[in-house]
Amino acid sequence: MNQKVKIGVFGAYRGMTMINVLLRHPDAELVAICDKYVPALQKAENAAKEAGLNIALYENFEDFFRHDMDAVVLANYANEHAPFAVRLLKSGRHVLSEVLPCETMAQAVELIEAAESSGKVYAYAENYCYMWHTFEMRARYERGDIGQVMYAEGEYVHDCSAIWPSITYGEKDHWRNNLYPTFYCTHSIGPMLTITGRRPVQVTGFVTQRNETVRPLGIKSGECAGIEILTLDNGAICKSVHGHLKREPGSVNYEIYGTKGSMESERFMPGYAKEGQQPELQVYREGEKLCIGKTERYVPGLQLIAAEMAQKFTTHGGSDFYPTHFFIERILGRPDGEKYSIDVYSAVDMGICGILAYRSALNGNQPMRVPNLRNREERDAWRNDNFCTNPAVAGKGQLLPCYPGGSLEYPDSVYEEVRNIWLSGKNAE
Ligand SMILES: NC(=O)c1ccc[n+]([C@@H]2O[C@H](COP(=O)([O-])OP(=O)(O)OC[C@H]3O[C@@H](n4cnc5c(N)ncnc54)[C@H](O)[C@@H]3O)[C@@H](O)[C@H]2O)c1
């Protein structure tokens, strides 16, 4: 394919990141944007005009769906990606999906089968796999610097309580208010899987108690954290932590212990997520004698892949350029796309760990086998499994509470107050 890939973006809030990449990418043509929230649409339109482009704008997905485009970026609600991805794949479009890949096990099966039967590219935008430190850890692991993984930790701690009004708008049923504690798991799990190239085979889920000291913001699980303990296919163990824990600045840290050494990112850096600040990486490599080796400490820097473009996107640890770039490279059949774009199987591996971890937490922390949905014979057991916290999707008798002890319910006044804070442009205090 020599022409530019014609791409549309669905969801123009987080979607602005992809829009900004597409507006500057030599192999892409941004052709359409869809968002029902008109101010977001206008912001996107202004960005396109500044770049000298006239793009089609839609408030309605059905109209957007009919637009002539080769590929679509899904940056809509985190729990609604799979049904849109399936429809788009079946209509012959390539799909780049924001996190999470699916809301239920049944959707995981359907998504994989839609990607297989369509022959189109499905890519998963788990940008945390492409941060300076995580991408470097992958490169070093691939070089064999620390041997085979034995234990790993992944941590995504981001206390969103202050910004809750601006990310939920006081909507009672916003996905962020409805999710259960282990759902949003791929920022912490994803890098551990892409760095090591391994697959999870078992998960045990845990949920902390609620933090009752936070003023009510409408979160139906309450302020708590989700923890997943994974067993990988080589016997290694991983710990994934994410959710409402108190830490400033937030933590996006990873540790990988291997048979010949270890790598870990710096925990106490002064300001993750602040422009231009990146964590150091410490790498220990054992030499020929036991317990004697070499330790290096350095800020990894950008990987030298499309570096000129990539360095213009410094958000999220320098990762925000790559999901879109590798998606385009994959569509064009180029090696970097083949290697680094996260395919539907890996996306599902990352996402279903959170779904099954919640099942485990609800069942007294019983370990759950993680199916390998690459194998057709493993799919039927999950094909009708729509257990989730979303009444519109859960099958009969399959609706789960947002917290193992039951969902919290808030009076409408809580959501009205959150909405008013959002409209005033302030943070919650
Ligand atoms: N990877 C990251 O670092 C990162 C960071 C933030 C958000 N996200 C992801 O991005 C996605 C979107 O999150 P967000 O922060 O933008 O908040 P959001 O989910 O509130 O925003 C989604 C946007 O999509 C629009 N939308 C949703 N359904 C629609 C429909 N049916 N028709 C028209 N418009 C529709 C909404 O109006 C809204 O502007 C989520 O999947 C989230 O997990 C990822």
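Q: What do the buried residues of α9 pack against?
A: The buried residues of α9 pack against α6 (132-142), β7, β9, β10, β11 and α14, where contact means C-beta atoms, placed from the backbone, within 7 Å, and helices (H or I, at least four residues) and strands (E, at least two) are DSSP runs numbered from the N terminus. This is a predicted model, in which local features need pLDDT of at least 70 and side-chain atom pairs count only at pLDDT 80 or more, while totals for chains, interfaces and linings use all residues. Residues are numbered from 1 along each chain as its sequence is written.

Q: How many residues of α9 are buried?
A: The count is 11 of the 11, so α9 is largely enclosed by the rest of the structure; buried means 20 or more other C-beta atoms within 10 Å of the residue's own, with C-beta atoms placed from the backbone. Among them are His 187, Pro 191 and Met 192.

Q: And what follows α9?
A: Gly 197 comes next, with a positive phi near 70°.

Q: Switching to the sheet, what is the strand order?
A: The sheet is open, with 9 strands in the order β14-β13-β12-β11-β7-β10-β9-β8-β15 and mixed pairing, and two strands pair if DSSP finds at least two bridges between them.

Q: Which strands stand at the edges?
A: Those are β14 (293-298) and β15 (368-369), each with a single partner strand, so one side of each has no neighbour in the sheet.

Q: How many bridges join β13 to β14?
A: There are 6 bridges between β13 (residues 281-286) and β14, and the two strands run antiparallel; Tyr 284 stands opposite Thr 295 in β14.

Q: Which strands does α14 touch?
A: Helix α14 (residues 344-362) packs on the sheet against β8 (200-207), β9 and β15, and its direction makes about 50° with that of β8, the angle running from 0 to 180 degrees between N-to-C directions of axes fitted to C-alpha atoms, for helices over the stretch in contact.

Q: How do the axes of α5 and α14 cross?
A: The axes of α5 (residues 105-118) and α14 cross at roughly 180° and come within 10 Å, and the two helices are therefore roughly antiparallel, a label for angles over 145 degrees.

Q: Which residue classes make up that contact?
A: The contact of α5 with α14 has 10 nonpolar, 1 polar and no charged residues, where Ala, Val, Leu, Ile, Met, Phe, Trp, Tyr, Cys and Pro count as nonpolar, Asp, Glu, Lys and Arg as charged, and the others, Gly among them, as polar. Leu 111 and Ile 112 of α5 and Val 348 and Ile 352 of α14 are among the residues making the contact.

Key
Two residues are in contact if their C-beta atoms, placed from the backbone, lie within 7 Å. Angles under 35 degrees count as roughly parallel, over 145 as roughly antiparallel, 65 to 115 as roughly perpendicular and the rest as oblique. A residue is buried if 20 or more other C-beta atoms lie within 10 Å of its own, exposed if 12 or fewer, and partly exposed in between; C-beta atoms are placed from the backbone.
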